[in-house]
Amino acid sequence: MGLALANYESTHGCIVSGYISSTVPLTIGSVSGYNPDPQTLDNGPGWGWLALLLPYIEQTPLANATNFNLPTWTAQNSTVTTVQISAYLCPSANNPTPTCRMVDANRNLLPVANPYFARSNYQYNMGWNDTSITPASTSYDDPVVGCNGPIYRNSGVKYAAVTDGLSNTVFASEKTPFLADATWVGIIPGYRHFAYNAFASAGTGGVGVNYDYPGSILASHSGPSLYESPRVIHPPNSPLGHTDEFYSLHPGGANALMGDGSVRFVKQSINLLTWQALSSRSVGEVISADAN
């Protein structure tokens with residue numbers, strides 16, 4: 001995956017986007033009620049970062065079979081979006097099913113032609129803030145109050161903009177369904193992301209609801225989010241993990257992909273300020289060589 005990210009950047013001149021959300025109403029394959037999501041302004045086609053990386057992980061036939069011009073949830077794409085990809089699965093994750101159920105706030109399947117997406121156990125790093133912040137509330141590309149990680153919705157960050165250093169910036173890490181679902185496919189506007197962990201935050205949905213918005217099925221963040229109270233930094237495998245945070249079933253921590261393509265095992269006991277610093281791309285923190 002690290003090599004695929006590097007090859008994508010070499011080809012396109014920027015790091016892959018977290019997912020693609022149109023800024024104008026869709027006229028092809030759109031579904032009433034999902035175009036766009038009024039809470040987040042999420043829209044189709046919705047294809048996620050791992051779907052966009054398919055040609056770079058030796059999955060060109062699957063990429064060629066995918067109609068990226070149509071939304072993820074259309075019948076024309078229902079075959080490809082349920083394909084399991086071994087490179088996107090962790091043997092330790094204990095995935096209960098091959099696919100995720102794409103549901104609404106009442107946990108009912110979304111009324112679309114294709115409400116099942118194949119799983120992934122890896123998510124991109126959005127930075128400090130919650131994965132559900134919207135353009136209406138802040139600038140996505142602001143290095144502090146927006147998405148200050150290397151990958152986010154409709155992003156196109158250049159390597160040169162990762163001024164904290166590629167080797168000092170987390171690009172992706174792990175997510176197990178012990179905490180919440182993840183997929184390689186993308187999002188459906190209107191989807192609601194539920195936690196399985198009993199200690200998970202009530203999140204955006206309110207007390208007792210335990211859900212977050214669509215981006216959380218693709219992305220995680222470290223905190224401290226400006227849009228949560230209290231503002232807390234959550235390291236990997238936090239027992240108080242929210243739906244949109246990294247979590248693995250590896251004892252003591254999780255594997256993290258750095259921007260230079262290296263993989264480090266990040267201990268769940270990592271200093272919280274160090275974890276916060278590793279999650280931002282351009283805030284200018286100093287990180288020691290033994291940060292993990």
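Notes on the model

1. Ala 256 has Arg 264, in β11, as its bridge partner. This comes from a predicted model, and the remarks below should be read as remarks on that prediction. The strands β10 and β11 are paired in the antiparallel sense, with five bridges between them.

2. For the chain as a whole, the count is four helices and 11 strands. Of the 292 residues, 56% are buried. Among contacts with a separation of 6 or more, 69% are between residues 24 or more positions apart.

3. Next, the backbone. Most peptide bonds are trans, and most residues other than glycine have a negative phi. Which bonds are cis here? One joins Gly 44 to Pro 45, with omega near 5 degrees. Another joins Gly 223 and Pro 224, where omega is about 5 degrees. Pro 45 belongs to strand β2 (residues 45-48), whereas Pro 224 sits in the loop between β9 (219-220) and β10 (253-258).

4. Positive phi values deserve a look as well. Leu 41, which is not a glycine, has phi near 65 degrees. Leu 41 is located in the loop between β1 (19-21) and β2. Is Leu 41 partly exposed or exposed? Its relative accessibility is 40%, so Leu 41 counts as partly exposed.

5. Glu 58 is also a residue other than glycine with a positive phi, near 65 degrees. Its place is the loop between α2 (49-52) and α3 (60-65). Because its relative accessibility is 75%, Glu 58 counts as exposed.

6. Two cavities of 30 Å³ or more are counted. The largest cavity holds about 40 Å³ of space. Its lining includes Tyr 19, Thr 40, Asp 42, Tyr 140 and Arg 153. Also among the lining residues are Thr 131, Ser 132 and Ile 133, along with Tyr 213, Pro 214 and Gly 215. By class, the lining of the largest cavity has five nonpolar, four polar and two charged residues.

7. The second largest cavity has a volume of about 30 Å³. Which elements give two or more residues to its lining? They are α1 (2-12) and β10. The largest share, three residues, comes from α1. The residues around the second largest cavity include Gly 2, Leu 5 and Ala 6, as well as Leu 257 and Met 258. Tyr 159, Phe 171, Gly 259 and Gly 261 also line the second largest cavity. This lining divides into six nonpolar and three polar residues, with no charged residue.

How values were computed: Residues numbered from 1 in each chain as written. Predicted model: local features only at pLDDT ≥ 70, side-chain atom pairs only at ≥ 80, totals over all residues. Heavy atoms only, no water. Buried < 20%, exposed > 50% of the residue type's maximum accessible area, 1.4 Å probe, protein only. Pairing = 2+ DSSP bridges. Contact = heavy atoms within 4.5 Å. 1 Å grid on protein atoms, 1.4 Å probe; cavity = no way out; pocket = protein on both sides within 12 Å on 5 of 7 lines; lining within 4 Å. Points joined across faces, edges and corners; volume = space filled by probe spheres on them. Nonpolar A, V, L, I, M, F, W, Y, C, P; charged D, E, K, R; others polar.
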